[in-house]
Amino acid sequence: RGMALQHSLKCLIPVYKVGDPQPGQPYKGGNFCAFLPDNKEGLKTAKLLKKAFECGLTFQIKSCNGEERVTWGRIPHKTSWDGGKARNGYPDAQYLHEVGTLL
C-alpha cells in the first residue's frame, strides 16, 4: 500500500441551512475522516474537496431515530483505506475520476 493523505473534519457547531429538517435547532456533530492517495491526482481532489467544504457541500442533516445529526453529504468520501468500493474504501480505480467529475 502506498502513502495516503488523510483529512479529518470535526463538526462541532450546529449547521443551519434552508432545507434542513428543523432550521434553528441544534444538531449533533461528529468527527469525520476520509482518505486520498498521496499523489498528484489525490492532491488535486483534496483541493476540490476543501473548496466543497468551504461552500457547505460536504455535510448534510439527516433525521435518525427522531434525532437530527450531521452526516456526509452527496459527495462521496473514502472513509477506509481498504474494503473496496462497497465499504467506502480502496481499491476503487474510478473514485478520483468520479469525485473529480462531480466536483
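User: What is the mean pLDDT of the chain, and what share of its residues reach 70 or more?

Analyst: The mean is 80, and 74% of residues reach 70 or more. This is a predicted model. Where pLDDT is low, the predicted coordinates should not be read in detail.

User: Where is confidence lowest, and where is it highest?

Analyst: Strand 1 (residues 4-11) is lowest, at a mean of 61. Helix 2 is highest, at 93.

User: Which residues make up the largest nonpolar core?

Analyst: In soluble globular proteins, nonpolar side chains tend to be buried together. Here the largest core has 10 residues: F35, L36, L49, A52, I75, W81, Y90, Y95, L96 and V99. Strand 2 (30-37), helix 1 (40-54) and helix 2 (95-102) each give two or more. Helix 2 gives the largest share, 3 residues. Another core lies apart from this one, with 5 residues, including F32, F59, I61 and V70.

User: How many aromatic pairs does the structure hold?

Analyst: There are 7. Take F32 and F59: their centres are 4.5 Å apart, with 55° between the planes, a tilted pair. F32 is in strand 2 and F59 in strand 3 (residues 59-64), so the definition of strands places this pair across distant parts of the chain, 27 residues apart.

User: Which residues do ring pairs link into a cluster?

Analyst: F32, F53, F59 and W72.

User: What sits over the ring of Y90?

Analyst: The charged end of K78, 5.9 Å from the ring centre.

Notes. Residues are numbered from 1 along each chain as its sequence is written. Side-chain values use heavy atoms; hydrogens and water are left out. A nonpolar core is a set of buried Ala, Val, Leu, Ile, Met, Phe, Trp, Tyr and Cys residues joined through side-chain atoms within 4.5 Å. Buried means under 20% relative accessible area, exposed over 50%, partly exposed in between (1.4 Å probe, protein chains only). Helices (H or I, at least four residues) and strands (E, at least two) are DSSP runs, numbered from the N terminus. pLDDT is the predictor's confidence in each residue, from 0 to 100. Rings of Phe, Tyr and Trp (its six-membered ring) pair if their centres lie within 6.5 Å; planes under 30 degrees apart count as stacked, over 60 as edge-to-face and the rest as tilted. A charge sits over a ring if NZ of Lys or CZ of Arg is within 6 Å of the ring centre and within 35 degrees of the ring normal.
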